[in-house]
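Hi,

Here is the structure I promised to pass on. My notes follow below it.

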Amino acid sequence: ISAPTLQMAMKWLRNKHDIVCAVGLFTDLPKTPPYWSFNILNQSTADVMFEAFDIKCETYEEACEAAIKYCLENLI
């Protein structure tokens with residue numbers, strides 16, 4: 001079975017749909033452990049399309065998967 005990697009899926013979103021998944025490491029408070037999350041941006045205008053404040057992932061890969069899933073379910 002052929003399946004794209006996370007990076008291939010994110011590149012497809014950028015090139016085909018003008019959507020950027022910006023994944024980053026965040027901290028809320030000094031005593032709170034850091035977590036991975038994402039924002040979705042329009043590539044042409046740099047406008048924020050979605051901010052995932054309540055989606056907290058343990059790894060970069062989980063955050064990428066969540067971002068891609070959000071785009072597929074809500075934006076395409």
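Helices (H or I, at least four residues) and strands (E, at least two) are DSSP runs, numbered from the N terminus. This is a predicted model: local features need pLDDT of at least 70, side-chain atom pairs count only at pLDDT 80 or more, and totals for chains, interfaces and linings use all residues. Residues are numbered from 1 along each chain as its sequence is written, and side-chain values use heavy atoms, with hydrogens and water left out.

Start with S37. It sits in strand β2, residues 35–42. S37 counts as buried because its relative accessibility is 3% (buried is under 20% relative accessible area, exposed over 50%, partly exposed in between; 1.4 Å probe, protein chains only). A polar atom of the S37 side chain lies 2.7 Å from the backbone oxygen of I55. Leaving aside residues up to four places away in sequence, S37 touches A22, V23, G24, F26, A52, I55 and A63 (contact means heavy atoms within 4.5 Å).

Now the sheet. It is open, has 3 strands in the order β1-β2-β3, and pairs antiparallel (two strands pair if DSSP finds at least two bridges between them). β1 (19–26) and β3 (48–51) are the edge strands; each has a single partner, so one side of each lacks a neighbour in the sheet. Neighbouring strands are turned by 25° against each other on average, direction ignored (axes are lines fitted to C-alpha atoms, for helices over the stretch in contact; angles run from 0 to 180 degrees between N-to-C directions).

β2 and β3 pair over 3 bridges, antiparallel. I40 stands opposite F50 in β3. Helix α2 (residues 60–74) packs on the sheet and touches β1, β2 and β3. Its direction makes about 35° with that of β2.

Best wishes

Notes:
Polar contact = N/O pair within 3.5 Å; in protein donor to acceptor, adjacent residues only side chain to side chain.
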